[in-house]
Amino acid sequence: MGIKFEPAPAAIERAVQDKLHRLAGQGHFRSAALAGVQPHEISLASAHALYNLGLQEIVNDVSLDSLPHTGWRFIVQRGGQTAAAVEGHADPTGAAHFDLVNQGPFVRSEEHTSELQSPCN
């Protein structure tokens, strides 16, 4: 069974991008990757759906198609490099909301992750 990737709803992407730009304009980022960033320097990439997946669903090999969709995660890029991840969702009325920014150490670029996994390093 393959995973289907669908584009994030435009309203959610817009809500996340707008909030991210407001945070950047106000200087709210503490991580080195986003410190001092200006709104025009950051962009969203690689949207993917979030699902509520519990242990029972894993044990019972439940398909993602049957799980509740809970939101969207986007990779934040600064100068073409991965800097953070952000999440958003739509409430039951369909209104789009910004949820959070992950600026922590687990947000890595593909290049950095592959360097960490290399047996030569």
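The protein contains 3 helices and 4 strands, where helices (H or I, at least four residues) and strands (E, at least two) are DSSP runs numbered from the N terminus. Along the sequence these elements follow the pattern α-β-α-β-β-β-α. The structure is a predicted model, in which local features need pLDDT of at least 70 and side-chain atom pairs count only at pLDDT 80 or more, whereas totals for chains, interfaces and linings use all residues. Residues are numbered from 1 along each chain as its sequence is written, and side-chain values use heavy atoms, with hydrogens and water left out.

The 4 strands form an open sheet in the order E1-E2-E3-E4, with antiparallel pairing; two strands are taken to pair if DSSP finds at least two bridges between them. Because strand E1 (42–51) and strand E4 (96–102) stand at the edges, each with a single partner strand, one side of each is left without a neighbour in the sheet. From one strand to the next the twist averages 30°, with axes being lines fitted to C-alpha atoms, for helices over the stretch in contact, and angles running from 0 to 180 degrees between N-to-C directions. Helix H1 (residues 10–25) lies across E1, strand E2 (69–78), E3 and E4, and runs at about 50° to E4.

E2 and E3 pair in the antiparallel sense over 7 bridges, and within this pairing Val76 has Ala84 in E3 as its bridge partner. The hairpin of E2 and E3 has 2 residues between the strands, and in this hairpin Gly79 takes a positive phi near 60°. Strand E3 (residues 81–90) in turn pairs with E4 in the antiparallel sense over 6 bridges; here the bridge partner of Val86 is Val101 in E4, while His89 stands opposite His97 in E4. In the hairpin of E3 and E4, which has 5 residues between the strands, a positive phi near 95° is found at Gly94.

On the surface, Leu53, Leu55, Ile58, Val59 and Leu64 form a nonpolar patch with about 480 Å² of accessible area together. Patches are made of residues with over 30% relative accessible area and no salt bridge, like charges being joined within 9 Å and nonpolar side chains (Val, Leu, Ile, Met, Phe, Trp, Tyr) within 5 Å; a salt bridge is a side-chain nitrogen of Lys or Arg within 4 Å of a carboxyl oxygen of Asp or Glu. Accessible areas come from the Shrake-Rupley method with a 1.4 Å probe, and for residues only the protein chains shown count as cover. Leu55 lies in helix H2 (residues 55–59) and, at 63% relative accessibility, counts as exposed, the classes being buried under 20% relative accessible area, exposed over 50% and partly exposed in between (1.4 Å probe, protein chains only). Val62, in the loop between H2 and E2, counts as partly exposed at 32% relative accessibility. Leaving aside neighbours within four places in sequence, Val62 is in contact (heavy atoms within 4.5 Å) with Glu57 and Leu67.

Of the 121 residues of the protein, 24% count as buried. The accessible surface of the protein comes to about 8,000 Å², of which 52% belongs to carbon and sulfur atoms. Among contacts between residues at least 6 apart in sequence, 51% join residues at least 24 apart.
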